[in-house]
Amino acid sequence: MILVLKTIMAITWKDILSEFRSRDTLSSMMIFCLIVVIIFNFMFEPGSTNVREMVPGILWIAITFAGILGLNRSFIYEVDHGSLLGLLLCPVDHYVIYLGKMIGNFIFMLIMEIILIPLLIIFFNLNIFSILLPLSLVVFLGTLGFAAVGTLLSAISVNTRAREILLPVLLFPVVIPILLAAVKSTTILINGGTLSDTISWIKILSGFDIVFLVLSSLLFEFVVED
Amino acid sequence: MIKINNITKSFGNFFALRGIDLQIHSGEFWIIVGPNGAGKTTLLKILSTLSKPTEGKIEIGRNISDQSGIELRSQIGFIGHQSFLYGNLSAEENLTFYARMYGLKNEKNIIHAKLTQVGLYDRRDDLVRNFSRGMQQRLTIARALLPDPKIILLDEPFSGLDQQGIDLFSSLLTSLITPERIILMTTHNLYLGWELATHYAILAKGKIVEKNSRGDMNFENFKILYRKRTGEGN
């Protein structure tokens with residue numbers, strides 16, 4: 001078990017180190033988030049009362065599309081430079097490779113969100129400090145489910161000619177339950193609700209996270225099989 | 001020992017390999033030659049557990065390949081025309097990553113020994129993206145040797161190397177030959193590796209059309225045999 005964990009961490013460490021040297025993925029995700037926040041900011045008059053109703057949608061649009069930018073790149077280097085074969089030749093179960101890549105994608109999305117949420121607070125003049133913890137839980141669970149299924153579908157789409165287009169086409173229908181639960185619970189929290197008001201949505205989020213993680217781990221073997 | 005029993009691999013109606021039988025013993029260096037599309041890479045992919053045969057089985061030591069892929073992969077070092085290295089990591093970081101994937105203990109000492117063996121110890125902190133193709137291929141050898149594999153599979157390893165790279169790579173290949181190790185190399189260039197080989201197999205259209213110990217055969221006679229068996233020159 002410890003060996004499996006070490007191997008998973010080795011893959012995640014490799015992806016993070018590689019990304020911090022190139023900054024290819026994170027920079028494009030950040031720029032996309034900034035553009036989304038600025039464009040939506042132009043929609044509202046200063047002090048508009050509609051802001052609180054729109055912010056959950058803006059937050060999850062930014063997370064979803066910036067997340068796809070990151071997921072798209074997740075396997076491109078591995079496939080284009082043949083290093084996916086190198087990973088598959090290692091004496092580890094293939095689900096270990098999936099989990100290592102998934103955790104890497106999840107961390108990149110979390111880093112992007114740590115910058116995105118303060119941007120939303122500043123640009124939309126939000127006072128959400130009292131709900132920061134429950135909001136973080138919702139964002140954490142939503143991102144986990146998104147990264148879980150997105151990593152698997154990224155491994156499928158990377159071997160096709162239209163890989164950048166195929167990933168969102170495959171991903172969006174599958175993650176609808178995750179996005180629905182995440183947007184609904186974010187809306188409740190931003191409009192004055194508490195954690196207990198969102199508990200049913202959080203249960204749905206957690207349930208789908210577990211299902212997506214287990215299924216994706218099991219299916220990855222067949223995705224990378226020759 | 002590797003025992004390949006009646007391996008067939010098909011993709012739909014296309015047969016990449018048909019009825020391959022081969023027995024390879026420790027200490028032997030086999031070159032598998034054949035024209036493009038003969039099935040050389042497919043055979044190596046099956047041997048390395050990357051691909052499953054449609055029919056037949058492979059026994060490596062006491063293991064049957066599709067029963068315990070993980071155990072088998074720990075005994076195999078694979079060197080292809082792609083390096084499997086990460087350009088944004090240094091030479092040492094690349095080897096550290098693979099050492100962890102193989103669960104090696106005492107990884108630092110092993111990595112430094114392998115880097116010294118391939119002459120890259122002084123460049124261990126340099127990013128791989130700044131390496132020449134020859135240096136990357138030397139680091140690839142270090143990567144493949146990390147777990148001290150009993151079997152080394154080489155898939156067109158000279159591809160993309162200049163003459164200096166080929167000479168250096170050939171001398172490194174010589175150092176890989178030990179009485180306990182099996183080496184299998186595919187190439188479409190008959191000359192490269194011929195001097196090192198103890199055995200040869202000629203593959204054409206998915207079938208082994210000739211296999212034998214090299215014995216006293218010289219290269220010219222081998223070329224004639226190759227042309228006769230495949231209908232091609234080189």
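Q: What is the relative accessible area of Asn6(B)?
A: The relative accessible area of Asn6(B) is 41%, so the residue is partly exposed; buried means under 20% relative accessible area, exposed over 50%, and partly exposed in between, with a 1.4 Å probe and protein chains only.

Q: Before going on, what conventions apply to this model?
A: The model is predicted, so local features need pLDDT of at least 70 and side-chain atom pairs count only at pLDDT 80 or more, while totals for chains, interfaces and linings use all residues. Residues are numbered from 1 along each chain as its sequence is written, chains are lettered from A and ligands numbered from 1 in the order in which they are written, and side-chain values use heavy atoms, with hydrogens and water left out.

Q: Back to Asn6(B): where is it, and what is its phi?
A: Asn6(B) belongs to strand S1 (residues 2-11) of chain B. Its phi is near 50°, which is positive although the residue is not glycine. In general, most residues other than glycine have a negative phi. Strands here are DSSP runs of E with at least two residues, and helices are runs of H or I with at least four, numbered from the N terminus.

Q: What about Lys205(B), buried or exposed?
A: Lys205(B) is exposed, at 73% relative accessible area. It is placed in the loop between strand S9 (199-204) and strand S10 (207-213) of chain B, and its phi is also positive, near 50°.

Q: New topic: how do H8(A) and H9(A) cross?
A: Helix H8 (residues 163-190) and helix H9 (residues 199-224) of chain A have axes that come within 9 Å and cross at roughly 150°. The two are therefore roughly antiparallel; angles over 145 degrees count as such, under 35 as roughly parallel, 65 to 115 as roughly perpendicular and the rest as oblique. Axes are lines fitted to C-alpha atoms, for helices over the stretch in contact, and angles run from 0 to 180 degrees between N-to-C directions.

Q: Which residues make that contact?
A: On H8(A) they include Val174(A), Pro177(A), Ile178(A) and Ile188(A), and on H9(A) they include Trp201(A), Phe208(A), Asp209(A) and Phe212(A). By class, the contact has 12 nonpolar, 1 polar and 2 charged residues. Contact means heavy atoms within 4.5 Å. Ala, Val, Leu, Ile, Met, Phe, Trp, Tyr, Cys and Pro count as nonpolar, Asp, Glu, Lys and Arg as charged, and the others, Gly among them, as polar.

Q: And H3(A) with H7(A), what is the angle?
A: Helix H3 (residues 51-74) and helix H7 (residues 132-157) of chain A pack at about 35°, with axes 10 Å apart. The contact includes Trp60(A), Gly67(A) and Leu71(A) of H3(A), and Gly142(A), Phe146(A) and Gly150(A) of H7(A). Its residues divide into 9 nonpolar, 8 polar and no charged.

Q: What do the buried residues of H1(A) pack against?
A: They pack against helices H2 (24-43), H4 (76-80) and H6 (94-123) of chain A together with helix H3 (91-101) of chain B. Among these buried residues are Ile8(A), Lys14(A), Asp15(A) and Glu19(A).

Q: How many residues of H3(B) are buried?
A: In H3(B), 10 of its 11 residues are buried, including Glu92(B), Phe97(B) and Met101(B). The buried residues pack against H1 and helix H5 (83-88) of chain A together with helix H4 (107-117) and H5 of chain B. Gly103(B), which follows H3(B), has a positive phi near 65°.

Q: Last one: what does Ala144(B) touch?
A: Leaving aside neighbours within four places in sequence, Ala144(B) is in contact with Gly77(B), Phe78(B), Ile79(B) and Pro149(B). Ala144(B) is in helix H5 (residues 133-145) of chain B and is buried at 3% relative accessible area.
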